[in-house]
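Let's take a walk through a protein model, one piece at a time.

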Amino acid sequence: MFGIALNSFKFKNFVVQRIGKETFVKPVIKFIQGTSFILDYLLFYKFKLIRNRSSITEINIEFVSYCNLRCKLCSLDHEKPKIRMSADVLKRFFENFLSDSRFRSVKTIHLYNAGEVLLHPKLMEMLDIIKQFKSEARKKNIFFPQIALLTNATILDEKKSKLLIASNVIDNIRFSMDGGNKEKFEEMRERAEWNVFIENIKTFCELNKNSDNPIPTGIITLVEYHNKLNTKWMSNEFQELLNMVDGYELRYAHNWAGEVDIKELKNKNKTSYKVGCSLLMHQLVLLPNGDITVCCADLNSKGVIGNITKEDLFSIYNKPQRLDMLKKFIDNKKHEIDLCKDCETF
């Protein structure tokens, strides 16, 4: 309960990501996160004092399992099977999700995970399905989560921009733009062309600004550890794009559950004052084939605990595998969880 109110993951992003790598504030933030995790565990799992809702506050939906880029700081295995979510899987999820009042705790549904959402060949059909369920929820006076979309924007041409804006489904959209200048952007985001990217962003922002219901926009930027989390050192063109959207977030890279080798994190001191994981406590991810995994850092489906086409969402949420992971965090046994043991992120 305390964790939901505090929303510790977002609190961390707002404070820690902007303060820098290591300051005296970080232990304080991690202590708050740990306290939040413990209280949530006691309330939702150990004593089950909260039975009418889950601890989940956000769900990611991955429309496709593949991406057109080969970003150096991403752990996605591009050799794994390429799967597209079917309309049936998406319908099954929302039917189950809306019928179970215990998931009214979910505030945001993210239309992204490892794959690039705009690559789905029937994207508008999928968005129409969400729109139908959104409308149904409103008619029944049922709260419907915010729909957030994150894209690398490399194929966000004028046609797709118009379709997204006119869909009346997306509540906010963000773009991934790493580096700080053209050269570093193309180095970090392999296969992405800077000139194509900036033209797409400018086109979308212009169309969006002139629409009847503009979608709030944002940019997430990964910067290298030797740079400060500010825009002063960035190129003018890079800064121009950051200022074109409604808001932006500057981040240092994380290691995607230990699957990306980042030298600045390799010898990081594994301190004990951080208890738990806010992603494991508050998140589930729906994959294209209907599988459910425990968090968005699991880009290669190693933490799958069930499948929405075979089980209901609450049963998957209560799977012994997930409960055991939560318990191990409480017992300071993170090192016994294969998926989490090398993760230095949350």
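Start with two helices: α4 passes α5 in a right-handed crossing. Keep in mind that what you're looking at is a predicted model. To find the pair, look for α4 at residues 87-99 and α5 at residues 123-139.

How do you describe a pair like this? Two packed helices are described by the angle between their axes and the distance between the axes. Here, the axes of α4 and α5 come within 10 Å and cross at roughly 20°. Angles under 35 degrees count as roughly parallel, so α4 and α5 are roughly parallel to each other.

Now zoom in on the side where they touch. From α4 come Ala87, Leu90, Lys91, Phe94, Glu95 and Leu98, and they meet Glu125, Met126, Ile129, Ile130, Phe133 and Ala137 of α5.

Next, hop over to strand β5, which covers residues 217-223. Is this strand mostly covered or mostly open? It's mostly covered, with seven of its seven residues buried. Check both faces: Thr217, Ile219, Thr221 and Val223 are buried on one side, and Gly218, Ile220 and Leu222 are buried on the other.

So who are the neighbours of β5? One is strand β4 (residues 172-176), which pairs with β5 in the parallel sense over four bridges. There, phenylalanine 175 stands opposite isoleucine 219 of β5. Another is strand β6 (residues 247-252), also running parallel to β5 and joined to it by six bridges. In that pairing, valine 223 has tyrosine 252 of β6 as its bridge partner.

Conventions
Residues are numbered from 1 along each chain as its sequence is written. This is a predicted model: local features need pLDDT of at least 70, side-chain atom pairs count only at pLDDT 80 or more; totals for chains, interfaces and linings use all residues. Side-chain values use heavy atoms; hydrogens and water are left out. Axes are lines fitted to C-alpha atoms, for helices over the stretch in contact, and angles run from 0 to 180 degrees between N-to-C directions. Angles under 35 degrees count as roughly parallel, over 145 as roughly antiparallel, 65 to 115 as roughly perpendicular and the rest as oblique. A crossing is left-handed if the near helix is turned anticlockwise from the far one by less than a right angle, and right-handed if clockwise. Contact means heavy atoms within 4.5 Å. Buried means under 20% relative accessible area, exposed over 50%, partly exposed in between (1.4 Å probe, protein chains only). Two strands pair if DSSP finds at least two bridges between them.
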